[in-house]
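Let us walk through this structure step by step. Keep the model in view as you read.

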Amino acid sequence: MKELTTCPICHEDSAFIETEGGWCVYVQCGHCGTHTAFHSFHGEEEKERAEEAVVRLWNMGKVIVESRTE
Ligand SMILES: [Zn+2]
């Protein structure tokens, strides 16, 4: 299991790794919708590396904040 830190934006512990359409992965906060950039992959081996890459991005706080209307 890969370690995901709490969300850098809302500080909730609800981040998860999402696989999109079987070709890219990203980490998203289930609470506020903040997410990392997408990493595409081809095959299981690359998927593993792509997951590690997005987990690193998330844990560094390199995230994309969903714009919300206040
Ligand atoms: Zn959040």
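The buried residues of α1 are covered by elements that include β1, β2 and β3. Contact here means heavy atoms within 4.5 Å. Helices (H or I, at least four residues) and strands (E, at least two) are DSSP runs, numbered from the N terminus. This is a predicted model: local features need pLDDT of at least 70, side-chain atom pairs count only at pLDDT 80 or more, and totals for chains, interfaces and linings use all residues. Residues are numbered from 1 along each chain as its sequence is written, and side-chain values use heavy atoms, without hydrogens and water.

Stay with α1. Helix α1 covers residues 44–60, 17 residues in total. Its span from first C-alpha to last is 24 Å, close to the 24 Å expected at 1.5 Å a residue; that expected span is 1.5 Å times one less than the number of residues. Among the buried residues of α1 are Ala50, Val54, Leu57 and Trp58. Buried means under 20% relative accessible area, exposed over 50%, and partly exposed in between (1.4 Å probe, protein chains only). Gly61 follows α1, with a positive phi near 80°.

Now turn to the metal. Cys7, Cys10, Cys29 and Cys32 coordinate the zinc ion through their SG atoms, at 2.3 Å. Donors are N, O and S atoms within 2.8 Å of the metal (3.2 Å for Na, K and Ca); water is not among the atoms, so sites may look incomplete. In sequence, the donor residues are spaced C-x2-C-x18-C-x2-C. Cys10 lies in the segment before β1 (15–20), and Cys32 in the loop between β2 (24–29) and β3 (39–40). This pair, 22 residues apart, links distant parts of the chain. Cys10 is partly exposed, at 23% relative accessible area, whereas Cys32 is buried, at 11%.
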